[in-house]
Amino acid sequence: MRSLLQTLTLSSVYKRLAGIFRQYLTDEAALRVLDLGCGKRGNFAGFSGYIGLDRLRYPPKTEGKFISADVCDIPCPDQSFDAIVSTSLFHHLDLEQADQVVREMSRVLKSDGRIIIADGVFPESGLNVFGHLLRHLDRGRYVRGREDFRRLFRQWFQLETDIFFTQGIYAYSVLVMGKLRDNESI
Ligand SMILES: C[S@@+](CC[C@H](N)C(=O)[O-])C[C@H]1O[C@@H](n2cnc3c(N)ncnc32)[C@H](O)[C@@H]1O
């Protein structure tokens, strides 16, 4: 019963995330989109230029290309994507890994590109006891608060929109960001 409820809540979280992603990736038919830590579900494979990347050896059972690699070392040329998306990846990365991934994201994103990064964070309200507990029990060992999550990106990306929502007991942060500068300019 509990896992059925979790599945239902998570599927509504992902429906909501997909809506937000579509809202900010307006020209979706023309976009080359990289999904970091895409997992098995292939959540955003609907985009025509979609490429999923994950350390999994096998691709999700969805359309779209797949690269099996570590997100800290993206095997793609500089400035090769219009957009980079990611859901529920960063709470699996320690600070050093997260810094490396963010630098890689900046390298492979076009100058006028956009990133949309979503992750589960600790709830803002202390009253959401189960939401806090859930995050403490997560398999990802690096769940962050909303501020710490946002701070991961600020050296390389400029925040355009900061969305926070709680669905059931799950708290999510979604950050829409543009590139601050090209890597060779520092
Ligand atoms: C919680 S799952 C999220 C999957 C998918 N994005 C989703 O939201 O359903 C985290 C994913 O990140 C991937 N991952 C974690 N660390 C990684 C790394 N260093 N390199 C590549 N993939 C990684 C895992 O293999 C896993 O598929």
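**Close-up views of a predicted model**

Leaving aside neighbours within four places in sequence, Ile115 is in contact with Ala83, Ile84, Met105, Leu109, Phe157 and Met177; two residues are in contact if their C-beta atoms, placed from the backbone, lie within 7 Å. The structure is a predicted model, in which local features need pLDDT of at least 70, side-chain atom pairs count only at pLDDT 80 or more, and totals for chains, interfaces and linings use all residues. Residue numbers start from 1 along each chain as its sequence is written.

**View 1. Ile115 and the largest nonpolar core.** Ile84 and Ile115 touch the most other members of the largest nonpolar core, which has 43 residues. Such a core is a set of buried Ala, Val, Leu, Ile, Met, Phe, Trp, Tyr and Cys residues joined through C-beta atoms within 7 Å. Two or more residues each are given to this core by helix 1, strand 1 (32-36), strand 2 (49-54), strand 4, helix 2, strand 5 (109-120) and strand 7. Strand 7 supplies the largest share, 6 residues. Helices (H or I, at least four residues) and strands (E, at least two) are DSSP runs, numbered from the N terminus.

**View 2. Phe153 in the loop between helix 4 (146-151) and strand 6.** Phe153 is buried because 20 C-beta neighbours lie inside 10 Å. A residue is buried if 20 or more other C-beta atoms lie within 10 Å of its own, exposed if 12 or fewer, and partly exposed in between, with C-beta atoms placed from the backbone. Not counting residues up to four places away in sequence, Phe153 touches Val102, Leu175 and Met177.

**View 3. Val143 in the loop between helix 3 (129-136) and helix 4.** Val143 has 21 other C-beta atoms within 10 Å and is therefore buried. Residues up to four places away in sequence aside, Val143 touches His91, Gly120, Val121, Phe122, Arg135 and Asp138. Val143 and Asp94 are 49 residues apart in sequence, and their C-alpha atoms are 9.4 Å apart.

**View 4. The hairpin of strand 6 and strand 7.** Strand 6 (residues 157-167) and strand 7 (residues 170-179) pair in the antiparallel sense over 10 bridges; two strands pair if DSSP finds at least two bridges between them. The hairpin has 2 residues between its strands, and Gly168 in the turn has a positive phi of about 60°. Gln167 stands opposite Tyr170 in strand 7. Ser12, in helix 1 (residues 2-24), is 156 residues from Gly168 along the chain, and their C-alpha atoms are separated by 9.4 Å. Ser12 is partly exposed because 13 other C-beta atoms lie within 10 Å.

**View 5. Positive phi at Gln79 and Ser88.** Gln79, in the loop between strand 3 (65-68) and strand 4 (81-87), is a residue other than glycine with a positive phi near 50°. With 17 C-beta neighbours inside 10 Å, Gln79 counts as partly exposed. Ser88, in the loop between strand 4 and helix 2 (95-108), has a positive phi near 55°. Ser88 is partly exposed, with 19 other C-beta atoms within 10 Å.

**View 6. The shell around the ligand.** Among the 15 residues around the ligand, Gly37, Gly39, Arg55, Val71 and Thr87 come nearest; a residue is near a molecule if its C-beta atom, placed from the backbone, lies within 6 Å of it. The shell has 5 nonpolar, 6 polar and 4 charged residues. Ala, Val, Leu, Ile, Met, Phe, Trp, Tyr, Cys and Pro count as nonpolar, Asp, Glu, Lys and Arg as charged, and the others, Gly among them, as polar.
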